[in-house]
Amino acid sequence: MDLLQAARDVRENAYAPYSNFKVGAAIRAASGTVYTGCNVENVAYPEGTCAEAGAIAAMVAAGETRLTEVLVIADSPTPVPPCGGCRQKLVEFGGPEVRLTMCTLDGATQEMTLAEILPGRFDPSHMDRA
Ligand code: THU
């Protein structure tokens, strides 16, 4: 399945009445299956969830814990990057070399690895003495 089309499609379902900023995310899991998510906001603003978190939750709920590719899209002037928290969530399941494609609705794209978007990340080695 095409990650770009999947992310575009799920973005339409985003619930973003407060920010009016709809985001779609698609991730390909190790099996090849594509999982998608959109942002889901709440009147209690901190309770809202990001598109990437939704896609990860769908993947884990389906029994998969490794992802090999990520794409995020929004109607932004420049390709939309995952927020800081979502970067950490993605690297938990993706590993540093996984490619992330950031997109605008207009067709602009930017590619980076998860390592590139999250330098200095907290990882299990930091807990070696625990
Ligand atoms: N948002 C995402 O869904 N993913 C990101 O990585 C950036 C931000 C959402 C959260 C909120 O619903 C809206 O975009 C504005 O911040």
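Q: How far is an oxygen atom of the ligand from an N or O atom in the side chain of Glu52?
A: In this predicted model, Glu52 belongs to the residues around the ligand. A pair of N or O atoms counts as a polar contact within 3.5 Å, and the distance between an oxygen atom of the ligand and an N or O atom in the Glu52 side chain is 2.7 Å.

Q: How much of the accessible area that the ligand has on its own does the protein cover?
A: On its own, the ligand has 370 Å² of accessible area. The part of this area that the protein covers is 76%.

Q: What is the volume of the largest pocket?
A: The ligand takes up the space of the largest pocket, whose lining divides into 10 nonpolar, 3 polar and 2 charged residues. The volume of this pocket is about 180 Å³.

Q: Of the residues that line the largest pocket, which are the closest to its centre?
A: The lining consists of 15 residues. Those closest to the centre of the pocket are Phe21, Val23, Asn39, Cys50 and Ala51.

Technical notes
Residues are numbered from 1 along each chain as its sequence is written. This is a predicted model: local features need pLDDT of at least 70, side-chain atom pairs count only at pLDDT 80 or more; totals for chains, interfaces and linings use all residues. Side-chain values use heavy atoms; hydrogens and water are left out. A residue is near a molecule or strand if one of its heavy atoms lies within 4 Å of it. A polar contact is a pair of N or O atoms within 3.5 Å; within protein, one must be able to donate a hydrogen and the other to accept it, and residues adjacent in sequence count only if both atoms are side-chain atoms. Accessible areas come from the Shrake-Rupley method with a 1.4 Å probe; for residues, only the protein chains shown count as cover. On a 1 Å grid over the protein atoms alone, a cavity is a set of points where a 1.4 Å probe fits but cannot get out, and a pocket is an open set with protein on both sides within 12 Å along at least five of seven lines; lining residues have an atom within 4 Å of a point. A molecule sits in a cavity or pocket if more than half of its atoms lie within 2 Å of its grid points. Grid points are joined across faces, edges and corners, and a volume is the space filled by probe spheres set on the points. Ala, Val, Leu, Ile, Met, Phe, Trp, Tyr, Cys and Pro count as nonpolar, Asp, Glu, Lys and Arg as charged, and the others, Gly among them, as polar.
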